[in-house]
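Here is a short tour for anyone meeting this structure for the first time. Have a look at the sequence and the model, then read on.

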Amino acid sequence: MKKPSSGPDPKNLTRFTRSVAISAAAGVMLSFLLLSTFAALMSVRDLPHSAVVPMSILAVAAGTILSGYCCARILRERGLLWGLCCGTLIFLLTLFCELMLLGQPIGILALYKYIIYAASGMIGGVLGVNKKRKPGAGGHSRRSA
């Protein structure tokens, strides 16, 4: 039996870290694909400039929802926590890129972005944990005797 003072299990920590990283990568890829699609749409159609912000929010929200969903489906527990972790990781990645490219100081807009990222990730996490498994999935099959 594991002692309470022995700390977290390194095997689980690696599993959690890997799950969050893979899920965040999937979310970033979806966001990238949606942003690319929206950019192509804006170059073909004459959309107003005011449509840029809602489309980018939609793309990022969809990516973080997917990220939280995937992580919660992999880990099968604590959907809010893992969704928050995925949303926070994606936020930190985009904040770092934004600071490197634009060099602007962090303002109140960053807080709004973090709230959107975190809430979207948590929604995806809750959806992923609450998704019902197929009856035959997971190696447990029901056979009548």
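Predicted model: local features only at pLDDT ≥ 70, side-chain atom pairs only at ≥ 80, totals over all residues.

Let's start with aromatic pairs: two rings of Phe, Tyr or Trp count as a pair if their centres lie within 6.5 Å, and planes over 60 degrees apart count as edge-to-face. By that rule, the structure holds 3 aromatic pairs. One of them brings together Phe91 and Tyr114: the ring centres sit 5.2 Å apart and the planes make an angle of 65°, so this pair is edge-to-face. Phe91 belongs to helix H3 (residues 79-102) and Tyr114 to helix H4 (residues 108-130), which puts the two 23 residues apart and makes the pair a link between distant parts of the chain.

Which stretch stays under 50? That would be residues 141-145, and for these residues the model has 0 contacts beyond four places in sequence.

| Helix pair | Axis distance | Crossing angle |
|---|---|---|
| H1 and H2 | 8 Å | about 155° |
| H2 and H3 | within 8 Å | roughly 135° |
| H3 and H4 | within 7 Å | roughly 145° |

Take H1 and H2 to begin with. Helix H1 covers residues 10-44 and helix H2 covers residues 52-75, and they pack at an angle of about 155°. That makes H1 roughly antiparallel to H2, because angles over 145 degrees are counted that way. The crossing of the two is right-handed. Sorted by class, the contact of H1 with H2 has 20 nonpolar, 7 polar and 1 charged residues.

Next come H2 and H3, with axes that cross at roughly 135°. That makes H2 oblique to H3. Their crossing is right-handed. On the H2 side, the contact takes in Thr64, Ser67, Gly68, Cys71, Ala72 and Leu75, and these meet Gly79, Trp82, Gly83, Cys86, Gly87 and Ile90 in H3. By class, that contact has 6 nonpolar residues, 6 polar ones and no charged ones.

Last up are H3 and H4, where H3 passes H4 in a right-handed crossing. Phe91 and Tyr114 turn up again here, among the residues where H3 meets H4. Others on the H3 side include Leu80, Leu84, Thr94 and Glu98, while H4 brings in residues including Lys113, Tyr117, Met122 and Val129. What does this contact look like by class? The residues divide into 11 nonpolar, 7 polar and 2 charged.

Technical notes. Residues numbered from 1 in each chain as written. Heavy atoms only, no water. Axes fitted to C-alpha atoms, helices over the stretch in contact; angles between N-to-C directions. Helix = DSSP H or I, 4+ residues; strand = E, 2+ residues; numbered from the N terminus. Parallel < 35°, antiparallel > 145°, perpendicular 65-115°, else oblique. Left-handed = near helix turned anticlockwise from the far one by under 90°. Nonpolar A, V, L, I, M, F, W, Y, C, P; charged D, E, K, R; others polar. pLDDT = per-residue confidence, 0-100. Contact = heavy atoms within 4.5 Å. Phe/Tyr/Trp six-rings, centres within 6.5 Å; stacked < 30°, edge-to-face > 60°.
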